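The stops below are given in the order in which they may be selected.

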Amino acid sequence: MSLGYLVSLLYQYADSIAFLLLAALGLMIILGVVNVINLAHGELIMMGAYITTLTYHRAHLPLPLCMALSTIGVGLFGMLLERFVIRRFYDDKLGALVATWGVSLILSQGTLLVFGPSLESVPLAAWTFSYGRYSFGGYRLLLFVIAIAIVLIAWWVFYHTRLGVRTRATMQNADMARALGVNTRDIYLLTFGVGSALAGLTGALYAPTTTIVPLMGNQFVDVAFITVVVGGGANPIVGALTSAALLSLIATPLSSTLGTFSGRIGLLIAALVVIRFLPRGISGYFQDIRYRRMARGVS
Amino acid sequence: MEREDKRWWQVLNGPQELGRGRVFWCLFTFAALGLLAYPFVGSVFALSNFANFCLYVPMGLGLALLWGYSGVLSFGQSAFFAIAGYVYGIISGNLLDMPGGTLLAAAGAIAASAAIAAAFGYFVFYGQVSGWIIPLLLLVLSLILETFMAQTAGYQWRVGSVLLGGYNGMTNIPSLQIGSSIFGGASIGFYYLVVSAMLITYLGLRLLVNSHYGHVVTGIRDDVERTRMLGYNVNLMQIQVFVVAAALAGLSGVLYVSWGNYINPSSMGLLPATLPVIWTAVGGRSSLLAVLLSTVTLRWLADSLAVKGGEYAFLIMGILLLVTMLFFPAGIVVTLARHWLQRKPERRDLKKNRAP
Amino acid sequence: MNAKQCDYEAGSTGQLNSNPGSEVEHLETDGESRRSFLKKMIVASAATAVTGFPYTRAQAAENPSIKFGLLEDRSGNFAIFGINKWHGTQLALKEINEGWTLEGGVQGPGGPGVFAKVAPKPPTENIKEIVNRGGDETKDDTVWNEEDEYLVKSGENGVLGRQLELISPDPESDNSQFQSLARRLILEDKVDVIMAGFASAEREAIRPIMDQNKMLYFYNNQYEGGVADKYTFCTGAIPEQQIVPVMQYMIKNFGPKIYTLAADYNFGQLSAAWTRAMAPILSAEVIGEEFIPLSVSQFASSISRIQEAKPDWLMMYITGQNHSNYYPQADAAGVKIPMGSSINIAQGYEHRRFKAPALARFHVTASYMEEIPTPRNRKFVERWRKMFPDEPYMAMEGHSAYVATHLYAKAVRLAGTTDKETVIKALESGIGVEAPSGWVFMDPATHHLSQYIRLASCNEQHDISFVTEWPYIEPWWTRRLGVNLVRHPESKQYIPDEDPFFKMFKKKGKG
């Protein structure tokens with residue numbers, strides 16, 4: 001095994017982590033805090049990609065600005081969605097499933113009707129570097145850096161701000177949090193907005209490297225679900241990071257040595273195995289350990 | 001605990017389901033007779049199309065039992081549907097010349113779905129996996145199957161004389177045949193087969209949920225630990241309900257391939273996986289009747305929209321679903337029925353049936 | 001919407017009475033509360049939504065119209081292709097109903113040796129220039145005269161004095177929807193012909209229904225080949241028309257080491273089998289092969305494997321919206337290996353969807369592309385754009401749909417009836433038309449078209465040039481296996497595994 005091959009493997013690993021993280025984080029935060037499975041997640045990603053592509057081509061704005069606009073736009077859309085749709089289902093979460101499914105149908109088919117079957121994608125700066133016989137895309141590495149940065153920021157907000165404390169309180173026991181004066185409605189609104197904004201950002205970031213079609217969200221959704229299952233909803237941030245890292249660790253060498261089909265099947269089987277042994281996902285497992293430790297401390 | 005010496009029709013009329021009392025049963029009989037009489041007025045196509053809507057009812061009802069009554073959501077019903085379809089295709093294709101081969105195939109197909117469900121159920125229910133994990137896990141399972149089946153093109157993927165067919169699907173699957181009558185997709189026989197499967201499933205499940213067993217199942221839904229404390233083998237019962245739901249999905253799968261003579265891996269994809277959940281939620285998962293009605297109605301609506309709405313079909317469907325859920329978050333049929341029942345507190349059936 | 005201009009009437013024949021959901025209404029009959037009012041509103045608006053929408057069923061003329069059933073995906077995964085094909089059929093129907101037809105007709109047994117319209121002079125300047133860029137030069141005297149206008153007056157509006165009436169529900173890229181709509185078209189609408197399907201899975205889902213009902217069926221799509229069915233006519237290009245030519249060109253110009261990247265399903269696997277079987281004959285070698293599941297959209301590991309293998313060129317059989325992500329990703333990773341293909345670009349116009357130079361050095365053998373520079377194609381493009389100004393690209397399959405529609409009209413005129421068996425005989429009579437791409441001929445034995453194939457090459461700016469052309473490639477493969485639908489009707493799809501020829505070169509395990 002040459003050094004070049006190792007470097008290539010490492011690059012693939014980073015690339016895979018970035019994809020899983022960015023695809024799943026928004027979905028996972030919403031699931032963890034609001035406890036709603038957002039079936040329109042893929043369409044929010046699609047919206048992000050469309051906003052970036054359209055502002056770039058029609059308003060001729062610089063690409064980073066387009067991406068920022070996507071993030072903000074989809075985040076606002078997510079807050080509207082929460083305010084006028086999701087909020088009605090907090091007593092009965094199953095309705096939210098169908099409602100978000102309805103939203104996803106409206107968004108994807110509406111996009112098809114308004115913008116046609118496809119858009120021209122945005123260009124990608126040709127940053128490449130090579131090592132040995134392999135060459136790598138700089139933009140993909142940038143995606144990895146951004147994904148890690150987002151996780152760090154989310155972690156900081158979650159653990160080192162008042163907002164984070166309130167959010168965690170809402171997650172653990174919404175009634176108690178309300179009794180202590182936390183406005184859980186605002187927390188839900190904000191969380192849904194942030195989750196959506198992350199979906200929008202994902203769409204924007206991947207817009208230069210994917211095909212811009214109304215159903216493009218689907219390519220993110222299945223891996224996002226798998227990452228969520230493995231990560232568990234107990235702690236969305238730790239869950240997303242560990243789950244993306246673990247799944248990539250299994251899928252990357254398999255794809256690289258045995259082919260994409262094996263990588264794909266390996267990813268899915270890994271999810272099954274993890275769930276069998278860690279029924280609440282990796283983050284649930286960590287939480288259990290912590291509670292056990294806390295319980296020991298008390299007694 | 002309930003008295004066990006109820007007559008079967010009293011059980012059938014029990015409190016675990018909407019629609020009780022004389023008025024309901026009169027309407028029900030009337031509707032059933034209407035369905036049985038439909039072939040005398042409907043065209044062959046109308047029958048075939050209506051049978052196509054109804055053949056999904058067992059799958060929907062199975063999910064209603066699993067989700068509404070035992071509290072376990074599943075995104076995997078379409079996988080059990082497709083497994084049964086494939087197994088039916090394999091067995092019946094290999095037993096083409098044998099009399100009764102298709103019946104054997106149907107039994108084998110449903111058994112296969114049930115067996116896979118039992119194995120899966122063993123893992124998750126004894127592992128006490130809970131919450132949102134089971135539905136998502138089932139979704140992952142169906143995606144594995146889809147990915148795997150999609151690449152089974154070619155001669156090396158052959159069971160006996162039947163090609164699995166890869167993404168293009170398994171073709172020329174024989175229709176169900178009893179004696180010399182073939183239940184092809186566009187035949188009156190098939191219509192009656194589907195309608196009776198639908199009605200029998202409904203009445204059978206109604207009996208089940210109102211039986212002592214059914215009350216325990218809802219007990220598990222409401223509080224797992226309490227039911228366990230009362231001495232019931234909760235895990236085993238959950239597996240049993242899961243297997244029944246999978247077998248019903250399998251029944252729908254067999255009816256589907258008998259109707260269309262074809263199945264392909266996209267029946268296990270993301271979209272088909274969500275459909276039964278949508279039907280169940282829209283009608284209201286806490287009632288079998290609601291799910292039956294919403295399954296048929298939504299299938300009909302999707303079909304009419306495809307014909308008349310063209311590319312607007314998905315848009316209209318999305319808006320309808322969204323609006324329905326906004327105004328009837330517990331399911332449209334259930335909400336309306338409750339509303340109606342509340343306005344008539346003097347209803348006779350309420351008095352007659354003491355709450356358990 | 002412009003797409004609807006083709007004489008549609010808003011129908012209002014939806015019946016609420018036949019609504020299987022009317023049981024729901026019983027529950028609300030005696031309530032006037034807000035809830036039930038809302039419910040009524042919803043039911044009413046649903047009913048208007050269903051019935052008030054443009055109903056793609058035109059009013060019958062005095063003469064009973066010829067009912068033309070079309071199932072193309074206008075939503076779902078394949079909308080990008082289905083809309084294009086839907087438009088192609090609409091354009092052809094409009095032309096036929098306004099009294100136009102493509103020149104052509106029964107041409108005897110067919111074949112360029114007998115019926116070639118030898119060009120009076122070398123191809124237009126334009127083509128000459130492009131052909132000179134490399135590859136096997138087309139012989140001047142076998143190129144058809146590209147300056148003729150082949151859309152001629154048919155002498156009547158419609159066919160046999162009857163208008164063609166389009167009935168086109170939307171199957172939504174859903175196989176079971178295809179089945180139920182196919183039955184609806186046959187049993188309820190009693191159509192005279194059905195053209196349907198993009199994916200092979202969609203075709204296979206409805207082909208048994210067509211056979212059971214003896215319905216004339218056109219599949220207008222490039223595909224993996226092998227369908228031999230008395231009632232099915234395929235107007236798209238097939239492997240023998242695309243794969244062998246592009247391999248020949250690529251091997252000659254770039255080298256003998258081939259790496260195949262294929263979608264992991266029937267089309268990709270069977271096309272890869274073709275490449276494997278043909279490589280030794282063309283003195284080349286497949287040094288690597290990878291099959292990608294349809295749901296995969298990230299290609300980092302495939303790219304690294306390709307870089308490791310260092311092939312002279314790549315054979316691309318990847319399909320679908322997820323797979324097309326390969327191109328920008330490979331470009332971003334600095335992969336600069338030439339590519340050959342039988343589908344990408346021509347079918348999904350990736351060169352227009354992705355920013356240059358993601359598709360640079362791409363070569364595809366296509367039966368049609370919008371960029372074909374011949375005057376007759378320019379006129380065709382003009383007609384199309386006039387009817388559908390928003391069409392992003394006129395792709396290979398839209399052209400197939402257009403040609404098939406004209407071909408059907410011609411066959412009906414020849415048969416003098418819409419009776420399916422007679423029309424099938426007419427289609428089997430050695431009939432052909434001058435398509436915008438060039439002369440195409442319906443091979444009676446296999447029910448596939450001989451095609452005018454061009455090899456398109458895409459440069460750094462994503463401009464297309466046609467470097468080689470083959471004016472007449474026959475659908476010979478199933479004939480090799482003894483298929484002759486005129487003499488032995490059958491209904492199956494042959495796969496390369498059934499041809500011992502392919503086993504001779506079979507590679508031992510998967511790459």
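Select A:Thr184 and display its surroundings: apart from residues up to four places away in sequence, A:Thr184 touches A:Thr170, A:Ala174, A:Ala177 and A:Arg178, where contact means heavy atoms within 4.5 Å. The model is a predicted one, in which local features need pLDDT of at least 70 and side-chain atom pairs count only at pLDDT 80 or more, while totals for chains, interfaces and linings use all residues. Residues are numbered from 1 along each chain as its sequence is written, chains are lettered from A and ligands numbered from 1 in the order in which they are written, and side-chain values use heavy atoms, with hydrogens and water left out.

A:Thr184 belongs to helix 8 (residues 184-206) of chain A; helices (H or I, at least four residues) and strands (E, at least two) are DSSP runs, numbered from the N terminus. Its side chain and that of A:Arg178 are joined by a polar contact of 2.7 Å. A polar contact is a pair of N or O atoms within 3.5 Å; within protein, one must be able to donate a hydrogen and the other to accept it, and residues adjacent in sequence count only if both atoms are side-chain atoms. A:Thr184 counts as buried because its relative accessibility is 2%; buried means under 20% relative accessible area, exposed over 50%, and partly exposed in between (1.4 Å probe, protein chains only).

Next, select A:Thr52 in helix 2 (residues 41-58) of chain A. With 0% relative accessibility, A:Thr52 counts as buried. Which side chain makes a polar contact with that of A:Thr52? The partner is A:Ser70, at 2.5 Å. Beyond its neighbours within four places in sequence, A:Thr52 is in contact with several residues, including A:Leu63, A:Cys66, A:Val122 and A:Ala207. A:Cys66 is likewise counted as buried, at 0% relative accessibility.

Proceed to strand 1 (residues 128-131) and strand 2 (residues 134-137) of chain A, which pair in the antiparallel sense over four bridges; two strands pair if DSSP finds at least two bridges between them. A:Phe129 stands opposite A:Phe136 in strand 2 of chain A. The two strands form a hairpin with two residues between them, and A:Gly132 in the turn has a positive phi of about 60°.

The loop between helix 4 (93-115) and strand 1 of chain A holds A:Leu124. Is A:Leu124 buried or partly exposed? At 22% relative accessibility, A:Leu124 counts as partly exposed. Leaving out residues up to four places away in sequence, A:Leu124 touches A:Tyr139, A:Pro208 and A:Thr209, together with C:Pro328 and C:Ala332.

Turn now to chain C and select C:Tyr326, C:Met369 and C:Tyr408, the residues with the most contacts inside the largest nonpolar core, which has 298 residues. A nonpolar core is a set of buried Ala, Val, Leu, Ile, Met, Phe, Trp, Tyr and Cys residues joined through side-chain atoms within 4.5 Å. Among the residues that C:Tyr326 touches are C:Leu261, C:Phe299 and C:Met339. A second, separate core of 43 residues includes C:Ile258, C:Phe267, C:Ile453 and C:Phe502.

Finally, select helix 7 of chain B, where 14 of the 18 residues are buried.
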